[in-house]
Amino acid sequence: MIVKKPGLRIIKTGIALFISMLLSRLRPGDGLSFYSGIAAVICMETDVMSTYTKGINRVKGTLIGGIFGLIYLLLLDEIITNEFLNLVLLSIFVTVLIWLLASFKLNGAIAIASVVFLSVTINHADDKSPLFFALSRVIDTLIGVFTAIFVNGIGFKYREKKIYKNNKAE
């Protein structure tokens, strides 16, 4: 196995990860750097346009998943006390969410909408309002998305590789 130096995408991912987690920690409210870090890592691509496209899909999915999660918490959280029934209903909600997003041709947002929905509904803090918790998770994810787009847009310079042929650089 040949160990090579990390490429630019790896370095930019590490930078975006650090900045997004730091911003989540420093922001007012109840920031959880876990969610911003995941978004930064997943959104980072090799070029700015790919990161932007992936980021836009994440923003759409985050907002939709957050809204679905909030609806679930407002309608069912206090009513459902049986864990098995809760798991069944969560699965049904995610299935409906996937179906709706696929119907509206938002396939790039399906995975993150499902993840945000589950993070809002399963990990919600009992002592916080559902609206506050859902909004906070959405904010953390958006911090990661926008940080990845910003960091990928910075004009990092690639090192040009010199190809040696007959002891002469081309």
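Helices α4 (residues 83–103) and α5 pack at an angle of about 150 degrees, with axes 10 Å apart; axes here are lines fitted to C-alpha atoms, for helices over the stretch in contact, and angles run from 0 to 180 degrees between N-to-C directions. That makes α4 roughly antiparallel to α5, a label given to angles over 145 degrees. This is a predicted model, in which local features need pLDDT of at least 70, side-chain atom pairs count only at pLDDT 80 or more, and totals for chains, interfaces and linings use all residues. Residues are numbered from 1 along each chain as its sequence is written, and side-chain values use heavy atoms, with hydrogens and water left out.

**The α4–α5 pair**

- The crossing of α4 and α5 is right-handed, meaning that the near helix is turned clockwise from the far one by less than a right angle.
- From α4, residues L90, F93, V94, L97, I98, L101 and A102 meet I110, A113, S114, F117, L118, T121 and I122 of α5, where contact means heavy atoms within 4.5 Å.
- By class, this contact has twelve nonpolar, two polar and no charged residues; Ala, Val, Leu, Ile, Met, Phe, Trp, Tyr, Cys and Pro count as nonpolar, Asp, Glu, Lys and Arg as charged, and the others, Gly among them, as polar.

**Helix α5 and S119**

- The 13 residues of α5 should span 18 Å at 1.5 Å a residue, and the end C-alpha atoms are 18 Å apart, which agrees; the expected span is 1.5 Å times one less than the number of residues.
- Buried residues of α5 are I110, I112, A113, S114, V116, F117, S119, V120 and T121, with buried meaning under 20% relative accessible area (1.4 Å probe, protein chains only).
- These buried residues pack against α2 (33–43), α3 (48–76), α4 and α6 (130–153).
- S119 sits in α5 (residues 110–122); helices are DSSP runs (H or I, at least four residues), numbered from the N terminus.
- With a relative accessible area of 8%, S119 is buried.
- Leaving aside neighbours within four places in sequence, S119 is in contact with Y35, H124 and F133.

**T13 in α1**

- T13 belongs to helix α1 (residues 8–26) and counts as buried at 16% relative accessibility.
- Not counting residues up to four places away in sequence, T13 touches V41 and M44.

**F132 in α6**

- F132 lies in helix α6 and is partly exposed, with a relative accessible area of 34%; partly exposed covers the range between buried and exposed, the latter being over 50%.
- F132 touches G29 and D30, with residues up to four places away in sequence not counted.
- The C-alpha atoms of F132 and G29 are separated by 9.0 Å, although these residues are 103 residues apart along the chain.

Terms used:
Helix = DSSP H or I, 4+ residues; strand = E, 2+ residues; numbered from the N terminus. Parallel < 35°, antiparallel > 145°, perpendicular 65-115°, else oblique.
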